[in-house]
Amino acid sequence: MTDNYVMTEETILLDIDASNKHEVFEIMSENLYRLKRISSKEKFIRSLYERESQGETGVELGLAIPHGKSEAVIINTLSMCRLNKSIEWETLDDSPVDIIVMFAVSKGENANDEHLDLLAKVAGNLSESEILDFLKISNDKSDIIKKLLS
């Protein structure tokens, strides 16, 4: 699996209006369904909530990294959503969230290794505050992909 196959400009949603986590999951999952990267929005959203029940996916500085592992995932995908207004989310620093980087991972044989490798790479990049600041202002989806996957 190549990185540019995992994330495309179509998997990036900018300046989205959502008032809570559930709306974010709905909007992002609908986009993945429309792109034929998941076969069932409902099953994938269920997998997101299963993961949420294991511990918070909100990190710090307005960032959340939810992920779902589901048989509904057709193509392992990294997607991003930037909100117009921050929303409540369980985070390590109790800050509201306006950047969501979501992983959609299939339950295939090698999916876990690929998921962990990609998660480590992206989380490492997101730990740099200048990259997070860039994600909050950039409208260049190609550059967003480069920053997340470099």
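Q: In this predicted model, what makes lysine 146 count as exposed?
A: Lysine 146 has a relative accessible area of 51%. Exposed means over 50%, so lysine 146 falls in that class.

Q: Why is the pairing of aspartate 143 with lysine 146 called a salt bridge?
A: The closest N and O atoms of aspartate 143 and lysine 146 are 3.9 Å apart. The cut-off is within 4 Å for a side-chain nitrogen of Lys or Arg and a carboxyl oxygen of Asp or Glu, so the pair qualifies.

Q: Where do aspartate 143 and lysine 146 lie?
A: Both belong to helix H6 (residues 141–149), three residues apart, which is about one turn of the helix.

Q: Is aspartate 143 buried, exposed or partly exposed, and why?
A: Aspartate 143 has a relative accessible area of 29%. Buried means under 20% and exposed over 50%, with partly exposed in between, so aspartate 143 is partly exposed.

Q: What makes aspartate 15 and arginine 82 a salt bridge?
A: Their closest N and O atoms are 3.3 Å apart. That value is within 4 Å, so the pair meets the definition.

Q: Why is arginine 82 called buried?
A: The relative accessible area of arginine 82 is 4%, and buried means under 20%. Aspartate 15, with 40%, is partly exposed.

Q: How do you know that lysine 136 and aspartate 98 form a salt bridge?
A: The N to O distance between their side chains is 3.4 Å. The limit is within 4 Å, so the pair counts. Lysine 136 lies in helix H5 (residues 129–137) and aspartate 98 in strand S5 (residues 97–105), so the pair ties together parts 38 residues apart in sequence.

Q: What makes aspartate 98 buried?
A: Aspartate 98 has 15% relative accessibility, and the class requires under 20%. Lysine 136, at 31%, is partly exposed.

Q: How many salt bridges does a search of the whole structure find?
A: The search finds seven. Salt bridges also link Lys21, Glu52 and Glu90 in a network.

Q: Why is leucine 35 called buried?
A: Leucine 35 has 17% relative accessibility, and under 20% means buried, so the term applies. Leucine 35 is in the loop between helix H2 (21–34) and helix H3 (41–52). Apart from neighbours within four places in sequence, leucine 35 is in contact with Glu10 and Thr11.

Definitions and conventions:
Residues are numbered from 1 along each chain as its sequence is written. This is a predicted model: local features need pLDDT of at least 70, side-chain atom pairs count only at pLDDT 80 or more; totals for chains, interfaces and linings use all residues. Side-chain values use heavy atoms; hydrogens and water are left out. Buried means under 20% relative accessible area, exposed over 50%, partly exposed in between (1.4 Å probe, protein chains only). Helices (H or I, at least four residues) and strands (E, at least two) are DSSP runs, numbered from the N terminus. Contact means heavy atoms within 4.5 Å.
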